[in-house]
There are 4 protein chains.
Amino acid sequence: MHIAFIGLGNMGAPMARNLLKAGHTLTVFDLNAAAVASLCSEGAAAADSARKAVAEADFVITMLPAAAHVRSAYLGTDGVLAGVRPGVPLVDSSTIDPATVRELAAAAEAHGNALADAPVSGGTVGAQAGTLTFMVGASEALFAQVRPVLAGMGRNLVHCGGTGTGQVAKICNNLILGISMIGVSEAMALGVKLGIDANVLAGIVNTSTGRCWASDTCNPWPGVIETAPAGRGYSGGFGADLMLKDLGLATDAARSVKQPLFLGALAQQVYQAVSHAGDGQLDFSGVIRQYLSAADKESQQ
Amino acid sequence: MHIAFIGLGNMGAPMARNLLKAGHTLTVFDLNAAAVASLCSEGAAAADSARKAVAEADFVITMLPAAAHVRSAYLGTDGVLAGVRPGVPLVDSSTIDPATVRELAAAAEAHGNALADAPVSGGTVGAQAGTLTFMVGASEALFAQVRPVLAGMGRNLVHCGGTGTGQVAKICNNLILGISMIGVSEAMALGVKLGIDANVLAGIVNTSTGRCWASDTCNPWPGVIETAPAGRGYSGGFGADLMLKDLGLATDAARSVKQPLFLGALAQQVYQAVSHAGDGQLDFSGVIRQYLSAADKESQQ
Amino acid sequence: MHIAFIGLGNMGAPMARNLLKAGHTLTVFDLNAAAVASLCSEGAAAADSARKAVAEADFVITMLPAAAHVRSAYLGTDGVLAGVRPGVPLVDSSTIDPATVRELAAAAEAHGNALADAPVSGGTVGAQAGTLTFMVGASEALFAQVRPVLAGMGRNLVHCGGTGTGQVAKICNNLILGISMIGVSEAMALGVKLGIDANVLAGIVNTSTGRCWASDTCNPWPGVIETAPAGRGYSGGFGADLMLKDLGLATDAARSVKQPLFLGALAQQVYQAVSHAGDGQLDFSGVIRQYLSAADKESQQ
Amino acid sequence: MHIAFIGLGNMGAPMARNLLKAGHTLTVFDLNAAAVASLCSEGAAAADSARKAVAEADFVITMLPAAAHVRSAYLGTDGVLAGVRPGVPLVDSSTIDPATVRELAAAAEAHGNALADAPVSGGTVGAQAGTLTFMVGASEALFAQVRPVLAGMGRNLVHCGGTGTGQVAKICNNLILGISMIGVSEAMALGVKLGIDANVLAGIVNTSTGRCWASDTCNPWPGVIETAPAGRGYSGGFGADLMLKDLGLATDAARSVKQPLFLGALAQQVYQAVSHAGDGQLDFSGVIRQYLSAADKESQQ
């Protein structure tokens, strides 16, 4: 299949590479010439605008940092809708707000194209390994159409409902994740301060009603889970600034429907404090450092 | 073994009953005559004070509602320490603050007795079935001593560290639980409002990084988990007022060591709003109703 | 002076009317034909686009609901910059985010025009009476230029600094206001519940360190301040949904500089709960109703 | 009049001294021998217990750090009620929870004594100058009785209602104060970050709806208010740890009546973070430092 791929960043480039490996023909576009050149050296063709990239394509995928980029990639004078043939399926894998997705889907529909939102989880590791999870918002028919292509980039393809629900699923999952990571951080910091061993406490939590991914897989106390970012100085993993962005999407979406999010909004501020303190590049489990005094941090080492 | 059991409430009575079944000799004390009579009809002896109950005992267990009751049960003029023989092990299974435990342990030690804190999880169902989890704070030697007796009431006996750490473990676990239940409630309420099906959303969360007991076992959206309290009008389960009490213990303990708990303190207020609205007797997953407008609640049915 | 006035809503219409009274020549534009007709009956001329309205003007004022409208009013193909003569001063009196102001100011500057932001306080009453406060972000020279015109609509003209600082001043003031109103509401609800008379409590606060506008001028407890909205069912005044909007501007601006706002973000959620409960049209002091149970509300009457 | 004065700390000692100056006969008690000796050198008599101190007294005043001390001073075997003659008025000027006040008042009444709670504001400066404000909870008759004596130590005597309402008034005022200081801190930190001058911003707030004691008298930004603690490194003033204590009283009292305090509880945690960071001895306006990065703090100097 001839696929146009727009957006070759840390996530998009390895995703596009997996499509090449799967035997697809690729035309790519990105403002970063080096990223384009790298893909071309592996067999992709380059276009100098989204409009030109999609001109001959049977399938379009976009993978961009934020809503403003996606909006411009689809609606700009050199954008996707200015060049794509009616009937070609469009997939946006960026993580953005559901309202923008629905607005773009309406514009696409007016042009004769169906748009699916398909944000991913799994990070750059999953993007490279082709083991991403795609949360797909699309009609049944469109989901059936996009599924085979996405299968070349991910392992777990979940149909979440109509257009926009892929974003809703991702945002809501990360809302829980962002909150529970702070909950675990507060509990670990408090417990150790009150005299219990961190490993013993985590062991109890992980077999009890407090168990959660944030505790049993990515525990923020160094050394509790050997493979967790906490054990390597909070490097790698899912950056605090990315969690901050996703909580921003959650509170913005909540604002649009006047839904209060007491803990979600406060969690957002706590990650903002992480970023404000200069730790936004660390894994989001580094939020526990907000709960440790200078002396606590030393004793942790 | 001759055991004195003080406190025959919803938890204490079935626990004492299991000790009788395990073949122990029991002397019981409670201000509630009916509770005492019921145990006596099954073979226990009654005493009219804690002091008298422990006079001949080789082992003492207390199971009371709050720190004030425990303090008075041990230190009162008719209390445990006024009557117990030196060397007899003391076990308090109430859920109270670690500081009170340590203070009582010091008073007990001065009298020649070792005290273990052993709060439980598993609720009245676990108390009746003898499947409670005991989180035990005790020296190695004391833990070895109390273990065989506790095994008659529970299935999972966890040694958490020195005296007081049983309470620390329970408080910290429930801090995570109370926070994550609100996180799940905010996410479910938001997601449904934004157009995703509740079952689909929960399915994604439960296989992703948001997974937690509050979502995959006790999900607050009615019908998502068949056996969860949400499916039966939030009846049964772990009452919101009990969660409120435990978060009060967590924030009080945090205050004693000047440890900030941003989300924990806010979560406490959200459960307080549940109680303020008259829903304190509901399962704590009923907290989701704080996030549903009158119209939302109707559409949920 | 020939002034173009864009935006004739609840605030804009009376402001424009005051400019007519002050002797200026006015050309107005608004999508609402009735609002335009009303102004024309008082002597204004109508234009059918912003671009045409500004064509002959010596001075431009815009007063619009939100950033999207302002952006389109200035940058649209039929917008201000498409029609205005270089050198004409532009004043935006809308309440929007400082970042958009600065972006528009840059676009205006490229076109040869200086733009001042001049959000107001004083509400529709002040707009009609010509007693508004203008918080003006502008160079010294531009402030000197716009001052005489603004003086026709307001009494208090404050120069806050360079472009954008008018919005910053308004947002920061309302951040304090939104927070302190909730603080007063929590204190009044708690105090009355604990047995003190509301008037006595307010009297003490208002002569002590808790004193603030939210208590001594707009106290949320009915009857404490005779002229406050609380005394007339929270009608009139500054709507909770407007406070919600302004706290949204504050938290968005904070996000852009990674500044945590713990209380500000939580306050925003509390007003969102007001809106969610269907009370968004009430004066923002109606937020106290979030703290009163059904029984409390009855006893208040 | 012969007055027994129990508690000669930073507040109690200067208050007692003012009673001596007013011509009263004093018998004092405190565990701190130096404090007692100092008062005796100025004419007071010493007693070696509260019980002995009150034996001959016509009036009793207690001024102690926390509820546990007050409880023990009244109810202990060597306490006030063990020695005081029936009919003698009792005044507790400590800042404690209203529930304890009411419990002690009941015990006093059973003994034939009326107890008033009369917490103060004005700090050590007011205590020395005799310009304290007393917030008095007492019957009309008791208030009439205690008024002349309190007038020797303070300038502003406010009758708040029945016993306990003095504490309610103080707690509720400080709840507003603690919240509004954080509100002002968030607004000043945000405003400066967004480019407005701190003095200009404060000037606008202080003449607008955001005005409050925390901004116009004790502004947390250094230099804005010349006499404020912020200008002298946050020394002097009302310590953050004292604010933390008072917010603890507020949230505890709220818990006793199941009243949610969303912002109050979060404010308490923010001051706890101040204390956790080692700044608990600073004036509570030092809370703004929680909102300033290391770089921000430097640029502030």
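This is a predicted model: local features need pLDDT of at least 70, side-chain atom pairs count only at pLDDT 80 or more; totals for chains, interfaces and linings use all residues.
How many salt bridges does the rule find across the interface of chain D and chain A? I got 0 salt bridges there.

**Entry 1: chain D against chain A**

I counted the contact first, and 7 residues of chain D touch 7 residues of chain A. The two chains bury about 480 Å² between them, and carbon and sulfur atoms give 68% of that. I then asked who supplies chain D's part: D:F262, D:L266 and D:H276 give 71% of the area that chain D buries against chain A, more than any other three residues. With salt bridges at 0, I looked for polar contacts instead and found 2 residue pairs, both partners at pLDDT 80 or more. Sorting the chain D side by residue type, I noted 3 nonpolar, 2 polar and 2 charged.

Next I checked the symmetry.

**Entry 2: chain C against chain D**

I ran the superposition here as well, and chain C goes onto chain D by a rotation of 180° with 0.0 Å of shift along the axis, RMSD 0.0 Å. I wrote that down as the relation of a two-fold axis. Which residue of chain C comes closest to the rotation axis? It is C:C212, with its C-alpha at 2.0 Å.

The contact takes 55 residues from chain C and 55 residues from chain D. About 4,900 Å² is buried between them, 71% of it on carbon and sulfur atoms. In chain C, the residues losing the most area to chain D are C:I176, C:L194 and C:L263, yet together they make up 14% of what that side buries. I checked the surface match too: 100% of chain C's interface residues are also interface residues in chain D, so here the copies meet through the same surface.

**Entry 3: what holds polar atoms across C and D**

I counted 2 salt bridges between chain C and chain D. One pair I looked up is C:R211 with D:D216, whose closest N and O atoms are 3.0 Å apart.

Then I went through the elements on the chain C side. Those giving two or more residues are β9 (154-161), α9 (165-193), α10 (198-206), α11 (213-216), α12 (240-256) and α13 (262-276) of chain C. The largest share comes from α9(C), with 20 residues. By type, I sorted that side into 35 nonpolar, 15 polar and 5 charged.

**Entry 4: inside chain A**

Searching the whole structure, I got 44 salt bridges over all chains. I picked out A:R85 and A:D58, whose side chains meet at 3.0 Å, N to O. Why does this pair tie together parts that are 27 residues apart in sequence? Because A:R85 lies in the loop between α5 (80-83) and β5 (90-92), while A:D58 lies in the loop between α3 (50-53) and β4 (59-62) of chain A.

UniProt (unreviewed entry) places "domain: 6-phosphogluconate dehydrogenase NADP-binding" at residues 3-161 of chain A. I took the end C-alpha atoms of that span and got 24 Å between them, with 42% helix and 23% strand along residues 3-161.

Key. Residues are numbered from 1 along each chain as its sequence is written. Chains are lettered from A and ligands numbered from 1 in the order in which they are written. Side-chain values use heavy atoms; hydrogens and water are left out. UniProt positions are given in the numbering used here, feature names are shortened, and annotations may be inferred rather than shown by experiment. Helices (H or I, at least four residues) and strands (E, at least two) are DSSP runs, numbered from the N terminus. Copies are superposed by least squares on the C-alpha atoms of residues with pLDDT of at least 70 in both. Contact means heavy atoms within 4.5 Å. Buried area is the accessible area (1.4 Å probe) that two parts lose on being put together, summed over both. A salt bridge is a side-chain nitrogen of Lys or Arg within 4 Å of a carboxyl oxygen of Asp or Glu. Ala, Val, Leu, Ile, Met, Phe, Trp, Tyr, Cys and Pro count as nonpolar, Asp, Glu, Lys and Arg as charged, and the others, Gly among them, as polar. A polar contact is a pair of N or O atoms within 3.5 Å; within protein, one must be able to donate a hydrogen and the other to accept it, and residues adjacent in sequence count only if both atoms are side-chain atoms.
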